[in-house]
Amino acid sequence: MNQKYNAGWTAMENATQADFEAVIDFEAEYNAALVDRLLLQLKQLDEPWTPYPLNRYQHSLQSATRALNDGADEETIVAALLHDIGDVTAPYNHGEVAAAILKPYVSEKTYWVVKHHCVFQGYYYNHYLGGDRNARERYKDSPYYEDCKYFCHHYDQNAFDPEYASKPLEFFIPMMRRLFGKNEGHMELAERADDKVS
Ligand SMILES: [Fe+2]
Ligand SMILES: [Fe+2]
């Protein structure tokens, strides 16, 4: 981290251009370590026991491996790897968290698929829990409806097989570095942060 600059302001309204340039320098360094922080967050899903056949970390690796073996593009593979990362802090809307993390770096389609995958996954279990397994139908007019169905069916609901040969996390790290290294412009990032996709 940049230790050279001593901020001399106490409220943003009194800060100067030089002050904010120092902030931007710091952000560039901080953001460059994003992948390392995401890896730590992903590893928090590696729980000793869950009622699933695989824990969510192993599930994430298998999800990404299934996308890889299916010939999916790199952003879809990384999206599969991270699609449940929001479970750590947002168990009731974890798709939104993963989608928000990915948003500046991926297509609208991938963002939408990750954001809505929880509803689409409900097709496989809602009816056992007193819910509507067809809840996903409310999105049937979305251009990404079929993509989300496909993602859930081929990369998510089936990624709990202990016999499946999943790739280790290390295999996916270069893909993550490429994807999250794509966006280097602060202003571009700020633009992408505008909520253009619902
Ligand atoms: Fe999920
Ligand atoms: Fe999942």
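The part I have in mind is helix H4, residues 74-82. Is H4 enclosed or open, what covers the buried residues of H4, and how do H4 and H8 pack?

Analyst: Happy to. Please keep in mind that this is a predicted model, so everything below is computed from predicted coordinates.

The chain has 9 helices and 0 strands, so from the N terminus on the elements run α-α-α-α-α-α-α-α-α. The C-alpha atoms fill a box of roughly 60 × 35 × 30 Å along the principal axes. Of the 198 residues, 29% count as buried. Among contacts between residues at least 6 apart in sequence, 58% join residues at least 24 apart.

Now to H4 itself. With 8 of its 9 residues buried, H4 is largely enclosed by the rest of the structure. The buried residues are Glu75, Thr76, Ile77, Val78, Ala79, Ala80, Leu81 and Leu82. The cover over them includes helix H2 (34-43), helix H3 (56-69), helix H5 (94-102), helix H6 (108-121), helix H7 (145-156) and H8.

Next, the packing of H4 on H8. The axes of these two helices are 10 Å apart, and the angle between H4 and H8 is about 110 degrees. That value makes H4 roughly perpendicular to H8, and H4 passes H8 in a left-handed crossing. On the H4 side, the contact is made by Glu74, Glu75, Ile77, Val78 and Leu81; on the H8 side, by Phe172, Met175, Met176, Arg178 and Leu179. By class, the residues of this contact divide into 7 nonpolar, no polar and 3 charged.

Met176 lies in H8, which spans residues 169-180, and counts as buried because it has 23 C-beta neighbours inside 10 Å, where 20 or more are needed. Not counting residues up to four places away in sequence, Met176 touches Val35, Leu38 and Val78. Val35 is 141 residues from Met176 along the chain, with 6.7 Å between their C-alpha atoms.

For another helix pair, look at H5 and H6, both of which are part of the cover over H4. H5 and H6 pack at an angle of about 165 degrees with their axes 6 Å apart, and are therefore roughly antiparallel to each other. H5 passes H6 in a right-handed crossing. H5 contributes His94, Gly95, Glu96, Ala98, Ala99 and Leu102 to the contact, and H6 contributes Thr110, Tyr111, Val114, Lys115, His116, His117 and Cys118. The contact of H5 with H6 has 6 nonpolar, 5 polar and 2 charged residues.

Note on methods: Residues are numbered from 1 along each chain as its sequence is written. Chains are lettered from A and ligands numbered from 1 in the order in which they are written. This is a predicted model: local features need pLDDT of at least 70, side-chain atom pairs count only at pLDDT 80 or more; totals for chains, interfaces and linings use all residues. Helices (H or I, at least four residues) and strands (E, at least two) are DSSP runs, numbered from the N terminus. A residue is buried if 20 or more other C-beta atoms lie within 10 Å of its own, exposed if 12 or fewer, and partly exposed in between; C-beta atoms are placed from the backbone. Two residues are in contact if their C-beta atoms, placed from the backbone, lie within 7 Å. Axes are lines fitted to C-alpha atoms, for helices over the stretch in contact, and angles run from 0 to 180 degrees between N-to-C directions. Angles under 35 degrees count as roughly parallel, over 145 as roughly antiparallel, 65 to 115 as roughly perpendicular and the rest as oblique. A crossing is left-handed if the near helix is turned anticlockwise from the far one by less than a right angle, and right-handed if clockwise. Ala, Val, Leu, Ile, Met, Phe, Trp, Tyr, Cys and Pro count as nonpolar, Asp, Glu, Lys and Arg as charged, and the others, Gly among them, as polar.
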